[in-house]
Amino acid sequence: MNTLRQYKIKDYRFRLIAYVVLLCIIGILVIGSAQESLQSRQLAGMIVGLIVMAAVSLIDYSVILRLRRIWYVIIILMLGLVLVPGIGHSVSGATRWIQIGGFQFQPSEICKILIILFFASFFMRYREKLNTWKVIVAALVLVAIPIFLVFQEPDLSTTIMITLIFITLIFIAGLSYKVIFPVLAVCIPTIIVSLVLMLRESFPFLQPYQYSRILSWWNPTKYPDAARQQQNSIIAIGSGQLWGKGLNNESITSLKNGNYLSEPQTDFIFTVVGEELGFVGCLLVIVLIALIVFECIWISRNAKDFGGRLICCGVAALIGFQAFINIGVTIGLVPNTGLPLPFVSYGLTSLVSLFLGIGLVLNVGLQAGNRATGE
């Protein structure tokens, strides 16, 4: 109760909430157009998410960070349970969900937020020793375990996202360039060799469908069947022109109406935005995402301590990178990965998890006036 009393209403970032809610409303409208039966569920997910966000925003994040060991155990347990036969639920050859009765959720989405919390606390605790090999190796081992479990599902897109979040956090934490340059000297040639092996279908860690997505992106004319999904997406977005064809339209020229778009309510929701709301709708979605990321970073600048700064930057990285990859897929900029567009794509676990992340950022903002000495 004493903690609640120290919060001031003027420090509550209603602007950030407004951006998130507006983006969610656009998502609900577009999901209704893509698959009407899911619209009410997404609306319910937004309401639950707002409640979770409000509750978390009033909990002192410093207390949450102290539970880092618990969060890490939960991460490993949830990701491990997904791989247990009879518990993990498979769809299209991938085991990424846990189903309990009639309730189904995707642990990897929740784990993205928990990984941010764990490493925000870890790097805050070992900030002064961050550039010692002992701490760096420990951090790499700790992140490698959940990455390995996610990769085994298999879920390459979430593997990439967790890696990007970790890289962002360790960089913000103050990783020395004396460490960064040797790491880059090893990683860049490794990445180049890996890409060459992928294009030759000789990379040992990828599934056949993953090869198909990469090769069809690299050379769509050689692999027209595998490339059709992305090519249709590009055509659909372009056909929307400036103002789009309108939500819930019955146009015979609509690729969505002709069922030429796969997973239009999730992975390719931005395609529906482009076709039905046009360039203006796409721009609005991109601007709102950019404003959310900017707000998270701005709040991080005024955080009371290092842990709060890392939480905000981690959530900003999650939303920013995931949005970039999702939109990049729909316009052919990157290979098809299967990541949802934050706050827009259908997916209740993803939606509520993102609201959880925003709630943490809001609490950091509420405590900005309590800056610790030396920060």
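Trainee: Where does lysine 304 lie relative to tyrosine 61, and at what distance from the ring centre?

Mentor: Lysine 304 lies over the face of tyrosine 61, 5.4 Å from the ring centre. A charge sits over a ring if NZ of Lys or CZ of Arg is within 6 Å of the ring centre and within 35 degrees of the ring normal.

Trainee: What should I keep in mind about the model itself?

Mentor: This is a predicted model, in which local features need pLDDT of at least 70 and side-chain atom pairs count only at pLDDT 80 or more, while totals for chains, interfaces and linings use all residues. Residues are numbered from 1 along each chain as its sequence is written, and side-chain values use heavy atoms, with hydrogens and water left out.

Trainee: How many aromatic pairs does the structure hold?

Mentor: First, the general idea: a pair of aromatic rings is described by the distance of the centres and the angle of the planes. Rings of Phe, Tyr and Trp (its six-membered ring) pair if their centres lie within 6.5 Å; planes under 30 degrees apart are stacked, over 60 edge-to-face, and the rest tilted. This structure holds 14 aromatic pairs. One of them joins phenylalanine 119 and phenylalanine 166 edge-to-face, with 5.1 Å between centres and 70 degrees between planes. Phenylalanine 119 belongs to helix 6 (residues 107–125) and phenylalanine 166 to helix 8 (residues 156–172), so this pair links distant parts of the chain, 47 residues apart. (Helices are DSSP runs of H or I, at least four residues, numbered from the N terminus.)

Trainee: Why does the pair of phenylalanine 123 and phenylalanine 166 count as tilted?

Mentor: Their ring centres are 6.1 Å apart and the planes meet at 45 degrees, so the pair is tilted. Phenylalanine 123 is in helix 6 and phenylalanine 166 in helix 8, so this pair ties together parts 43 residues apart in sequence. Tyr72, Phe118, Phe119, Phe122, Phe123, Tyr126 and Phe166 form one aromatic cluster.

Trainee: Is phenylalanine 123 buried or exposed?

Mentor: Buried means under 20% relative accessible area, exposed over 50%, and partly exposed in between (1.4 Å probe, protein chains only). Phenylalanine 123 is buried at 1%, and phenylalanine 166 is buried at 7%.

Trainee: Which residues touch the most other members of the largest nonpolar core?

Mentor: In soluble globular proteins, nonpolar side chains tend to be buried together. Of the 99 residues in the largest core here, Phe119, Phe123, Ile292, Phe343 and Ile358 touch the most other members. (A nonpolar core is a set of buried Ala, Val, Leu, Ile, Met, Phe, Trp, Tyr and Cys residues joined through side-chain atoms within 4.5 Å.)

Trainee: Where does helix 12 bend?

Mentor: The bend at a residue is the angle between axes fitted to the seven residues ending there and the seven starting there. Helix 12 bends by about 130 degrees at leucine 277. Between its end C-alpha atoms, helix 12 (residues 269–301) spans only 32 Å, whereas a straight helix of 33 residues would span 48 Å. (The expected span is 1.5 Å times one less than the number of residues.) Phenylalanine 270 lies in helix 12 and is buried at 3% relative accessibility. Its C-alpha atom is 9.4 Å from that of glycine 281, 11 residues apart along the chain.

Trainee: Which residue other than glycine has phi near 60 degrees?

Mentor: That is asparagine 259, in the loop between helix 11 and helix 12. Asparagine 259 is exposed, at 69% relative accessibility.

Key
Helices (H or I, at least four residues) and strands (E, at least two) are DSSP runs, numbered from the N terminus.
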